[in-house]
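Please read through this structure with me, one question at a time. The sequence and the model come before the discussion.

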Amino acid sequence: MHRSPALDMPDVPKGQLPPHIELQRTRVLCNFDAPTHTENVQYSGAYSSMGVDNSLRMDQFCNNFRVEVIRLSEDDMEFDMIGIDPSIANAFRRILIAELPTMAIEKVLIANNTSIVQDEVLAHRLGLIPIDADPRLFDYLSENDTPNEKNTIVFNLHVRCERGGPRLTVKSNELKWLPHGSEFPLATENTTSSSTSKPKTYTSFSCSQDSLPEFSDKSIGPKHPDIIIAKLGPGQEIELEAHAVKGMGKTHAKWSPVATAWYRMLPEVVLLQEIEDEKAEELVKKCPVNVFDIEDIAKGKKKATVARPRACTLCRECIRGDDWDKHVAIRRVKNHFIFTIESTGALPPEVLFNEAVKVLEDKCERVITELS
Amino acid sequence: MEHGSFSDHSKSTFSLSDEDHTLANSVRFTLNQDPRVAFCGYSIPHPSDARVNIRVQTTGDSAREVLKDACQDLMLMCQHVRSTFDKAVVDYKLSKPVKDMSIEK
């Protein structure tokens, strides 16, 4: 048979892939047994034998990239990123979870704990309480530094359940912020030292934190006042001081600024054939999230249409059963991501995403300076 | 750290410390998009060490330069993402009060 070279195919426009290969490149086909074409064809020369350049030039990226915000509230947001590669979307997700700093309680100085909750369990629970403090205003505290007003937040918890009274539930609103620093005196050897103006405590605050301009209008405390820390029976008491420092989710999950952050690819539901009348009714009933709708066309006939493909959860119920996968195709668009970010409250979600992108830029810059 | 040969600068392995899949996969993507690259990939020698080896083989240019250009491209992409995102958030916040008003009517 006479074979013409691929570049001479008359029906394929120059610089464009034939439709079946374009489908393979841009869509994940979610078949009944397993998804196919899940890999990303990133290599710039992948389609060079067809004369198509697969490389992503910056101007093309800048023209095609779009962000659409669907929902934005104080604590969570949902937005679409269109035209970006999964490796970068995943990098943002990983940074949001593990590499953005937050403040969380790290050191707990326990003066008295006669409750049934053990010291270490109490300290662990205190660490997991989200603190409403902007971590960008603080510095990291390392081993050799002294805790001062630039790197530590001090809280005090002193609760007592009276004898003869009912049981007491200790909630997080009992954690009081101490803007002047620690109040527990350090045990010093020299008991005969003359009484100086201030005994040495566990932190050395040179000025009070609420005199700093950033904290003058908003006091620091736990984000939610109703988190149960412990329960006390009659006669039990807890007295402790908690020091919160800056850290990253990489070290411990208490420092993660998001409850979670995730993304999914946009689902695309396509009807391969016309579906009419009873089959249409059946299809609409099958879908648990009502992706399909009935449309009445002329002569009293009914036709099924795809009304809400975004709500599709890929349960594959519509392609189950005899021959349905020839009528309905479920796919995912490879470069359209629906991102959801749920913040624990220290920073609003749009600020968190901004910081995450900045962190990725800083990493690149570090590599560039290391290479030069 | 670069492990390559003194005579042939077009192929070498870069070992980055304190890095993981976050940066390595993104850099691998931008490297692949560069037409000068013949081969690129990354591996993590042990999951407990935060160390990544990125292998770059080019069609003649210095591998170090190509990696630097890929990181620059990634930085430009991030900056563009940030500006587009900020604009989208501002647009959404401006359009939201209008929506609230129309509901109240």
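What follows is a set of questions and answers on one chain as a whole and then on single residues. This is a predicted model, in which local features need pLDDT of at least 70, side-chain atom pairs count only at pLDDT 80 or more, and totals for chains, interfaces and linings use all residues. Residues are numbered from 1 along each chain as its sequence is written, chains are lettered from A and ligands numbered from 1 in the order in which they are written, and side-chain values use heavy atoms, with hydrogens and water left out.

Reader: How many positive and negative side chains does chain B have, and how far apart do the centres of the two sets lie?
Author: Lys and Arg count as positive and Asp and Glu as negative, while His and the chain ends are not counted. Each charge is placed at NZ of Lys, CZ of Arg, CG of Asp or CD of Glu. On this basis chain B has 13 positive and 15 negative side chains, and the distance between the two centres is 5 Å.

Reader: Is Ser182(A) buried or exposed, and which side chain does its own side chain meet in a polar contact?
Author: Ser182(A) sits in the loop between strand 8 (176-177) and strand 9 (228-232) of chain A. Buried means under 20% relative accessible area, exposed over 50%, and partly exposed in between (1.4 Å probe, protein chains only), so Ser182(A), at 6%, counts as buried. A polar contact is a pair of N or O atoms within 3.5 Å; within protein, one must be able to donate a hydrogen and the other to accept it, and residues adjacent in sequence count only if both atoms are side-chain atoms. The Ser182(A) side chain reaches the backbone nitrogen of Phe184(A) at 3.3 Å, and at 2.7 Å it makes a polar contact with the side chain of Glu241(A).

Reader: Which side chain is joined to that of Glu78(A) by a polar contact?
Author: Glu78(A) belongs to strand 4 (residues 76-82) of chain A, and its relative accessibility of 14% means that it counts as buried. Leaving aside neighbours within four places in sequence, its contacts (heavy atoms within 4.5 Å) include Val69(A), Ile338(A) and Thr340(A). The polar contact, at 3.1 Å, is with the side chain of Arg310(A).

Reader: Why does Ser49(A) count as exposed?
Author: Ser49(A) lies in the loop between strand 2 (35-36) and helix 2 (58-64) of chain A. Ser49(A) is exposed because its relative accessible area is 58%.

Note on methods:
Helices (H or I, at least four residues) and strands (E, at least two) are DSSP runs, numbered from the N terminus.
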